[in-house]
Amino acid sequence: MLKFTRRAAIASVAALGLAASALPAAADGHKVTFTLATSGSETDQRSVAMAEVFAPMVAAFADYQAGYNGTLFAQGTELEAIAGGNLTMSIASAQELAQFFPEFSIFATGYVHQDAAHQVRVFNDPLMDPFKQKVEDELGVKLLSVMYLGRRHVNLRQTRDELDVQTPADLAGVNLRMPGTDAWQFLGAALGASPTPLAFSEVYTSLASGAIDGQDNPLPTVVDQKFYEVTKQISLTSHLVDLNYIAFSLETWNSLTPDQQLVVQRAADAAAAYGRLKQLDKENNLADFIRSQGVEIYTPDLEAFRTHVQAQYVGSEAAASWPEGVLDRINELGN
């Protein structure tokens with residue numbers, strides 16, 4: 001996967017003059033085009049929320065066009081595309097942002113966010129202001145809202161008789177697919193596994209062929225991508241209460257009128273809220289279906305996982321970039 005450094009991103013934006021001059025003026029009566037790229041499918045709850053909630057709310061002045069399954073831009077290159085003026089929106093992860101701004105890795109750390117409501121409190125708290133401002137100033141990307149992806153669990157090809165995952169030690173030698181960014185790979189290793197970088201679009205076939213032993217995702221993604229067809233067990237590690245940000249081109253944002261900016265912000269918040277409720281509902285109701293497909297679901301020793309994973313971050317390079325006091329503030333917001 002392409003690694004696009006912060007320096008390269010900034011240079012690209014500057015060289016292209018932010019590329020927004022080609023956009024029609026939002027106030028002249030012509031509609032602008034909002035393009036969104038995502039690695040998720042059309043039925044992914046995040047995609048549905050953007051198409052069914054965000055798009056209608058901005059339809060008076062913007063045409064919404066989405067590319068699914070990484071067809072418009074490959075996973076991990078969407079922020080680069082926004083920075084270069086070739087894309088309006090993406091559903092970006094904290095792990096991807098950490099490639100540009102290492103301090104964002106704190107939001108991708110195992111067992112930091114407690115639940116969906118905690119994510120929202122953190123995103124709306126003043127602690128996020130310098131994070132958001134830096135992304136705008138140095139990458140030309142505005143983070144509009146936070147989307148709940150779900151609790152990520154370990155999902156394996158082996159039966160539980162072959163491999164019973166109760167503690168991180170049980171994942172030793174397991175080739176666990178994780179996205180290719182440093183933050184993701186660190187988390188995979190912290191879980192005790194051998195993290196294997198792989199594009200999301202290749203996960204199903206790699207599980208089917210045995211090229212990887214497992215993957216980690218929330219239950220709705222397991223169903224949406226039909227991973228239950230090529231796996232035998234899910235250990236409910238809940239190692240990451242995962243999130244995405246609705247990322248928007250800052251230059252496109254600046255080309256809109258204040259009223260249109262307000263509509264876009266409200267549309268993003270409404271889509272995030274809708275997707276959050278739907279995702280929570282799915283999480284609460286999918287276990288029985290997955291079990292009916294022959295996949296065993298069980299809860300491991302969560303305290304063993306939590307203690308081990310958090311210990312890996314203490315004093316690590318991954319935590320060196322975290323601003324002082326931010327982790328304590330995140331924890332306070334969860335109480």
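The model is predicted: local features need pLDDT of at least 70, side-chain atom pairs count only at pLDDT 80 or more, and totals for chains, interfaces and linings use all residues. Residues are numbered from 1 along each chain as its sequence is written, and side-chain values use heavy atoms, with hydrogens and water left out.

Start at strand S8, residues 233-249. Strands (E, at least two residues) and helices (H or I, at least four) are DSSP runs, numbered from the N terminus. In S8, 17 of the 17 residues are buried, so the strand is largely enclosed by the rest of the structure. Buried means under 20% relative accessible area, exposed over 50%, and partly exposed in between (1.4 Å probe, protein chains only).

Strands pair if DSSP finds at least two bridges between them. S4 (residues 141-156) runs antiparallel to S8 over 13 bridges; here Arg151 partners Val241. S3 (residues 89-92) is also antiparallel to S8, with 4 bridges. Its Ser90 partners Ala247. S9 (residues 296-298) pairs with S8 in the parallel sense over 3 bridges, and Gln233 stands opposite Glu296.

Now the charges. The whole structure holds 12 salt bridges, each a side-chain nitrogen of Lys or Arg within 4 Å of a carboxyl oxygen of Asp or Glu. One joins Asp242 and Arg152 at 2.6 Å, N to O. It links S8 to S4, across 90 residues of chain.

Arg329 and Glu332 form another, at 3.2 Å. They sit 3 residues apart in helix H15 (residues 326-333), about one turn. Arg329 is partly exposed at 30%, and Glu332 is partly exposed at 47%. Asp125 joins these two in a network of salt bridges.
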